[in-house]
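Here is a short briefing to read alongside the model. Please take a look at the chain first, and then we can walk through it together.

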Amino acid sequence: MSHFNQRNPVFNYNTFETYLEENAVRALTQIIAENMGLGVPLVTRWRQSEDGGMHVLAPALYVLMREEKFINSQEIFQTFLVRMILEGKLAPGKIEGLYARFLELR
């Protein structure tokens, strides 16, 4: 929430819903593109400086999608997201650890 709360309103993610949607789309785009052999290098996809560095949720979701083999599971994204929340994998304080794991992938 701190990344959302400290966002620069010029980037147009001015509700939590639009922020969540943008990060979900970014994670889904990368994981699907990789599955098709078209993935953009991660360092290109999410630069720390992009939009003031507020997109930490997308890389966190991406890490979970890889670990949970989301692309092969045929699970609906909404179900996946709710499951990650209910299982505590997206609990408060977990995003930074997932983001750190993402940085190790690059």
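H4 is followed by Lys 69, a residue with a positive phi near 55°. Helices here are DSSP runs of H or I with at least four residues, strands are runs of E with at least two, and both are numbered from the N terminus. This is a predicted model, in which local features need pLDDT of at least 70 and side-chain atom pairs count only at pLDDT 80 or more, while totals for chains, interfaces and linings use all residues. Residues are numbered from 1 along each chain as its sequence is written, and side-chain values use heavy atoms, leaving out hydrogens and water.

**Loops with positive phi**

- Lys 69 is not a glycine, yet its phi is positive; the residue sits in the loop between H4 and helix H5 (70-73).
- Lys 69 is exposed, with a relative accessible area of 55%; buried means under 20%, exposed over 50% and partly exposed in between, using a 1.4 Å probe and protein chains only.
- Gln 74 also belongs on this topic: its phi is near 60°, a positive value in a residue other than glycine.
- The loop between H5 and H6 holds Gln 74, which is exposed with a relative accessible area of 74%.
- As background, most residues other than glycine have a negative phi.

**The chain as a whole**

- The chain has 7 helices and 0 strands, giving the pattern α-α-α-α-α-α-α along the sequence.
- Of the 106 residues in the chain, 37% are buried.
- Among contacts (heavy atoms within 4.5 Å) with a separation of 6 or more, 61% join residues 24 or more positions apart.

**H4 and its partners**

- H4 is mostly covered, with 9 of its 11 residues buried; among them are Leu 57, Ala 58 and Pro 59.
- The axes of H4 (residues 57-67) and H6 (residues 77-86) come within 12 Å and cross at roughly 100°. Axes are lines fitted to C-alpha atoms, for helices over the stretch in contact, and angles run from 0 to 180 degrees between N-to-C directions.
- On the H4 side, Leu 61, Leu 64 and Met 65 meet Phe 77, Phe 80, Leu 81 and Met 84 of H6.
- The contact of H4 with H6 has 7 nonpolar, no polar and no charged residues. Ala, Val, Leu, Ile, Met, Phe, Trp, Tyr, Cys and Pro count as nonpolar, Asp, Glu, Lys and Arg as charged, and the others, Gly among them, as polar.
- H4 and H7 pack at about 75° with their axes 8 Å apart, and are therefore roughly perpendicular to each other.
- The contact of H4 with H7 includes Tyr 62 and Val 63 of H4 and Leu 98 and Tyr 99 of H7; by class, 11 residues are nonpolar, none polar and 3 charged.

- Ile 95, Leu 98, Tyr 99 and Phe 102 are the buried residues of H7. They cover an arc of only 100° around the axis, which puts them on the same side of H7; the arc is that of the directions from the helix axis to the C-beta atoms.
- Rings of Phe, Tyr and Trp (its six-membered ring) pair if their centres lie within 6.5 Å, with planes under 30 degrees apart counting as stacked, over 60 as edge-to-face and the rest as tilted. The count comes to 5 aromatic pairs.
- Tyr 99 and Phe 102 form a tilted pair, 5.8 Å centre to centre with 35° between the planes.
- Ring pairs link Tyr 62, Tyr 99 and Phe 102 into a cluster.

Definitions and conventions. Parallel < 35°, antiparallel > 145°, perpendicular 65-115°, else oblique.
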